[in-house]
Amino acid sequence: MNVIIKHIEIIKRIDQLIRLQATGAPETCAVRLGISKTKLYRTITLMKELNAPIEYNFSIQSYVYVKEVGFQFGFYTKESNVKKLNPFAG
């Protein structure tokens with residue numbers, strides 16, 4: 001189970017860096033996240049498979065979203081005032 005949580009945390013951190021347009025080059029981003037460049041590429045591929053519109057912008061040397069998106073992971077109650085039940089929800 002810890003593996004899943006760690007993977008979700010990496011996705012969440014990549015999402016934050018992409019939103020800030022501050023991933024840097026893939027090598028830099030991987031070092032910043034404490035993962036291999038291969039794992040970074042696999043995670044970005046997974047995010048794309050989950051419909052994240054990610055592209056690499058060479059002029060600013062960062063991954064970017066080409067459309068506005070939201071990322072959320074967690075379970076919520078069905079009440080009209082949504083209450084977060086998972087700390088991984090963003």
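Tutor: In the protein chain, 45% of the contacts with a separation of 6 or more are made by residues 24 or more positions apart, a contact being heavy atoms within 4.5 Å. This is a predicted model, in which local features need pLDDT of at least 70 and side-chain atom pairs count only at pLDDT 80 or more, while totals for chains, interfaces and linings use all residues. Residues are numbered from 1 along each chain as its sequence is written, and side-chain values use heavy atoms, with hydrogens and water left out.

The protein chain has three helices and two strands, which follow one another from the N terminus as α-α-α-β-β; helices (H or I, at least four residues) and strands (E, at least two) are DSSP runs, numbered from the N terminus. Of its 90 residues, 34% count as buried, where buried means under 20% relative accessible area, exposed over 50%, and partly exposed in between, with a 1.4 Å probe and protein chains only.

Helix α2 spans residues 26-33, and its buried residues are Pro26, Cys29, Ala30 and Leu33. These residues lie on the same side of α2, because they cover an arc of only 100° around the axis, the arc being that of the directions from the helix axis to the C-beta atoms. The elements against which the buried residues of α2 pack are α1 (2-19), α3 (37-49), β1 (54-57) and β2 (62-65). After α2 comes glycine 34, which has a positive phi near 75°.

Which helix residues meet where α2 touches α3? From α2 come Pro26, Glu27, Cys29, Ala30 and Leu33, and from α3 come Lys37, Leu40 and Tyr41. Sorted by class, this contact has six nonpolar, no polar and two charged residues, with Ala, Val, Leu, Ile, Met, Phe, Trp, Tyr, Cys and Pro counted as nonpolar, Asp, Glu, Lys and Arg as charged, and the others, Gly among them, as polar. Two packed helices are described by the angle between their axes and the distance between the axes. The axes of α2 and α3 come within 8 Å and cross at roughly 100°; such axes are lines fitted to C-alpha atoms, for helices over the stretch in contact, with angles running from 0 to 180 degrees between N-to-C directions. The two helices α2 and α3 are therefore roughly perpendicular to each other, on a scale where angles under 35 degrees count as roughly parallel, over 145 as roughly antiparallel, 65 to 115 as roughly perpendicular and the rest as oblique.

Helix α3 also packs with α1, their axes coming within 11 Å and crossing at roughly 80°, which makes α1 roughly perpendicular to α3. In this contact His7, Ile10, Ile11, Ile14, Asp15 and Ile18 of α1 meet Lys39, Leu40, Thr43, Ile44, Leu46 and Met47 of α3, and the residues divide into eight nonpolar, two polar and two charged. Threonine 43, in helix α3, counts as buried because its relative accessibility is 0%, and apart from neighbours within four places in sequence it is in contact with His7, Ile10, Ile11 and Ile14. On the α1 side, aspartate 15 counts as buried at 7% relative accessibility. Not counting residues up to four places away in sequence, aspartate 15 touches Met47, Tyr65 and Phe71; its C-alpha atom is separated by 9.2 Å from that of methionine 47, 32 residues apart along the chain.

Between α1 and α2 lies a loop that contains glutamine 21. Most residues other than glycine have a negative phi, and most peptide bonds are trans, but glutamine 21 has a positive phi of about 50°; at 46% relative accessibility it counts as partly exposed. Glutamine 21 is one of the residues touched by serine 62, the others being Ala22, Thr23, Gly24, Glu55, Tyr56 and Asn57, not counting residues up to four places away in sequence. Serine 62 lies in strand β2 and, with 0% relative accessibility, counts as buried. Its side chain is joined to that of threonine 23 by a polar contact of 3.1 Å, meaning a pair of N or O atoms within 3.5 Å of which, within protein, one must be able to donate a hydrogen and the other to accept it, and residues adjacent in sequence count only if both atoms are side-chain atoms.
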